[in-house]
Amino acid sequence: MDVFLTQILNGLDKGSAYALIALGLTLIFGTLGVVNFAHGALFMIGAFCSVFLQRLLNLSYETVDPTKTDFLGNPAVIKTPYVESWFGPEMGAAIIDWSVPLAVLFAIPIMIAIGFIMERGLIKHFYKREHADQILVTFGLAIVLQEVIKAVYGANPIQTPAPDALSGVAVLAEGVVYPVWRIVYFFFSVVVIGAVFAFLQFTTFGMVVRAGMADRETVGLLGIDIDKRFTLMFGLAAAVAGLAGVMYGPINAPNYHMGMDFLVLSFVVVVVGGMGSLPGAVAAGFLLGILESFASMTAVTDIIPGINQIIIYLVAIIILLVRPRGLMGRKGVME
Amino acid sequence: MSKTNLTRRGVLKSGAVAGAGVALPTIFTASSAAAYTNEPTGASVTLGFNVPQTGPYADEGADELRAYELAVEHLNGGGDGGMLNTFSSKELKGDGILGKKVEFVTGDTQTKSDAARASAKSMIEKDGAVMITGGSSSGVAIAVQGLCQEAGVIFMAGLTHSNDTTGKDKKANGFRHFFNGYMSGAALAPVLKGLYGDDRKAYHLTADYTWGWTQQESIAAATEALGWETVNNVLTPLASTDFSSYIAPVLNSGADVLVLNHYGGNMVNSLTNAVQFGLREAQANGKNFEIVVPLFSRLMARGAGENIKGILGSTNWHWSLQDEGSKAFVKSFGTKYGFPPSQAAHTTYCQTLLYADACQRAGTFNPCGVAEALEGFEFDGLGNGKTLYRAEDHQCFKDVLVVKGKENPTSEFDLLEVVEVTPAAQVTYDPEHPMFAGGQLGSCNPGA
C-alpha cells in the first residue's frame, strides 16, 4: 500500500511535467497548426532562467585573504555576493536561497519574449508549409538552442536547489514520505494548468482564441486579427513550458539536454490526449506519468523486463488503435 | 607508310632507361616500405586525441583535451615540464619523441561507439595518427580499442572503468592506466566495513550497460565477502533522468545501504533524487541509511552539488594528493588553465607520457615495440605511487583512492576528501579472475 501510494505520487509528479509541456505543445498546434519540436528547448531554457538568476544573485566581489591559500598555494580569493553586502548577510543569503521561486517571476517575461521572437522571427514563415518542414525547422532550432546553452553553461548538470524551507521530506502517512518540493511542483502545475484554462474560458481574449481554434476563417471575417492573438498564445505556451522548466530544476539538475529528454514523451502525450485538445493533453500527461511510474516497480519489471522503457509507447499504440483521434481529440484535426 | 629505324645501340639504351624507370619505385619502396601503420617519416609524429567534444561528457572531454595539449607541450620542451620532472623514467628529454616533434589531431567521440570509431578511423587513415587515445566511456573505449587492434596502432585508453576493457575485451594493442570496477570494490569494501559494519543489506541501482554491470558485479562481490547481503539489483535505462520511481521503493525494501552504480548525468540525478527522498537522514534496520557511489569524479561531484556531502566512493586520482608528481601536475595544469585537473585529465596526461616514454625506450613507434616496452613496465612519479603496467592484460596496478564528499568545502574545487589510499597489492587480482575471463589479449598488430 505504501509503495502503491508513493508510485501514485511519483506518477502525478512526472505527469505534472508532461502535462505542462504537452499543454503548451497542443496549444500551439491548436492555434497555429504548427508541430513545434522546439518546445522541449523552451522547457530547458526555462530551467536555465533559474540557473542564470542563481548566477546573477551570486555575482560577487573578491577580496584576498592572506591567511588562506588556493589550490596553487597562492593567497586565497574570497568571494562575497553583492546581494549579501547590499541587504546584509542573512537577507542576502535568503534571497539566494529562494532563487528558484524568484526565477518564476523572472522567467515569465523572458519566456514570453523568447516565444514571441521565435514565432515572429522563424516559425511564422512556415505556417503554409507542410508539417514535415515545420518539424525539421523547429527540431533544428531546438538543436541550435541547446548547443548555445551548452556553449555558455557547459555539458554538466548545474544544481538549482529548492529553498531550505521547501527541501526535505513530508510524512504523508505511516511509512510514506515524499519530497516537499515534488509536492510543491504538483500543486504548482495544477495552478498553472488551472490558470491557462481559466484564461481561455473566462476572458474575452480566451473566448476569441477558442473561437479561432474552432473556426479561424469565420473569426477573421468578423474583423478580428486572430493571427496577433495566436502569436500571443505562442508566447503563453512558451511561458508555460518555461515555468515547468524553472520549477523542475530542484528535482533534476538542469542540463542542456533536458528538453530533448522530455520532447518525445510530450509528443506522445499530445497524440494520446488528442491533437489540439487541452484537457486531453493534461489527462494524458497524468495518465502516462502514473503508468510509467508503476511500470518502473521491481515487481512489474521482474514479470515483464524492460516494460518501464516501452510502457508509454505501448499505451499510445493501444489508445490510438481504439480511439484514433486520441482520448479527447476533435474531429477534423490532423485528419 | 612509316619507317622504323631500329639499331642495337638504341634498343639497349631504351631498355636500360625503361628498366631503371620500372625499378625505381621498387628501389625506393624497398627501403621506405612502412613496417607498421603510419610510420612517421618526417620531422614530426602525429598523435590522435579522441575525446567527447559534444554530448553529455563534453566537459570531461574538454578537460582531457587540456591535459593532452599540456602533455604535448611538455614533450616538445615547452612549459615547466610538469610530471616529466618527477617521472621515474628519464628517457624523455623535452625534444619530442625519438627526436620528432609531437603534433596532434583531435576527434569527437560524442560518447557514441560508432562516432568514436569513425573519428578514430579518420585520424588513422587521413591524418596519419600513430597512436589513438582518449574517451570517457567504457562502451566507446572497447569499440575504439577493437578498431585500433585491427588498424595496427596503439590505443591508450582514457577514462574507462569497466572490467571488460582489460578483461574479456582486452586487446594486445590496447593499454589502460585508469583503474576498474573490481579495484573500486576491493578498495571500498574494507572502508565500508570499518564505517558501516559487516551486517548490512544493500540495494543496488545499476546503469544498464557494460560499465554498470561489471561495477555492480564487483562491488556486490566485495561487499558480500564482508558479510553484506544484496537485497536487490535494479537495472536502470541509461537514458533515465528521473529516478524517483526506482528510489521510492528502496526505503521499504529492508535495505539500509543504497549503492548507485551510476556515472555522469545518471549519478547526478539518482543521487539528487535519493537525497530528495530523505535517504541520507533515514533509519533502517536500526541503523543510519547510507549511500555509496563506487565511482566518483570531481566534475560529476560538482554537478551533484550539496548532495555529495558525506557520500563514499572511489577515484583514480585527486588533485589534493601531496606527492611530487601530483603537485607538479596540478601546478602545471592550474597555472595554464586556472583550475585543478580532473582525474580524466590526469589519466590522459599520464597515458601520453607513458606512450612517449615507451617509444623512446623501444627506439621505435612500431606498435609491437611500444607494446613490448609497456608490458611489465614499472614506474613512479606520475601521481599514483609505484605502478605496474601488467603484461598479461595491459592493466595498470596502482594505489586506489577511497574518497568522501567533503562536508565543509573551502573552494568550488574542494569537493572530495581522500579517506584512504588503498595499496596496489590490495586491489591486484589474478589475470584469470572470473570477472575478467573470456577474452584473449592476442598478439600485437603492427598493421601496414
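## Close-up views of a two-chain predicted model

Among contacts in chain B between residues at least 6 apart in sequence, 72% join residues at least 24 apart, where two residues are in contact if their C-beta atoms, placed from the backbone, lie within 7 Å. This is a predicted model, in which local features need pLDDT of at least 70 and side-chain atom pairs count only at pLDDT 80 or more, while totals for chains, interfaces and linings use all residues. Residues are numbered from 1 along each chain as its sequence is written, and chains are lettered from A and ligands numbered from 1 in the order in which they are written.

**View 1. Chain B as a whole.** The C-alpha trace of chain B spans about 110 × 45 × 35 Å along its principal axes. Chain B holds 13 helices and 17 strands, these being DSSP runs numbered from the N terminus, with helices (H or I) of at least four residues and strands (E) of at least two. Of the 448 residues in chain B, 57% are buried, a residue being called buried if 20 or more other C-beta atoms, placed from the backbone, lie within 10 Å of its own, exposed if 12 or fewer do, and partly exposed in between.

**View 2. The two domains of chain B.** Chain B is divided into domain 1 (44-179 + 319-397) and domain 2 (182-315), with bounds that come from an automatic or database domain assignment. The C-alpha centres of domain 1 and domain 2 of chain B lie 30 Å apart, and the contact takes 15 residues from domain 1 of chain B and 16 residues from domain 2 of chain B. On the side of domain 1 of chain B that touches domain 2 of chain B, the elements giving two or more residues are helix 2 and helix 4 (138-151) of chain B.

**View 3. Helix 2 of chain B.** Helix 2 (residues 58-75) of chain B has 18 residues and reaches 25 Å from its first C-alpha to its last, close to the 26 Å expected at 1.5 Å a residue, the expected span being 1.5 Å times one less than the number of residues. Because 15 of its 18 residues are buried, helix 2 of chain B is largely enclosed by the rest of the structure. Just after helix 2 of chain B, Gly77(B) takes a positive phi of about 95 degrees.

**View 4. A three-stranded sheet in chain B.** Three strands of chain B form an open sheet in the order 13-14-15, with antiparallel pairing; two strands pair if DSSP finds at least two bridges between them. Strand 13 (377-379) and strand 15 (396-397) of chain B stand at the edges, each with a single partner strand, so one side of each is left without a neighbour in the sheet. Strand 13 of chain B is joined by three bridges to strand 14 (residues 387-389) of chain B, and Glu378(B) stands opposite Leu388(B) in strand 14 of chain B.

**View 5. The largest nonpolar core.** A nonpolar core is a set of buried Ala, Val, Leu, Ile, Met, Phe, Trp, Tyr and Cys residues joined through C-beta atoms within 7 Å. Of the 225 residues in the largest such core, Leu23(A) and Val240(A) touch the most other members, and helix 10 (residues 226-248) of chain A gives the most to this core, with 15 residues. Not counting residues up to four places away in sequence, Leu23(A) touches Ile193(A), Val196(A), Val240(A), Leu278(A), Ala281(A) and Val282(A).

**View 6. Where the chains meet.** In this view, 34 residues of chain A are in contact with 35 residues of chain B. Helix 1 of chain A gives the most to the side of chain A that touches chain B, with seven residues.
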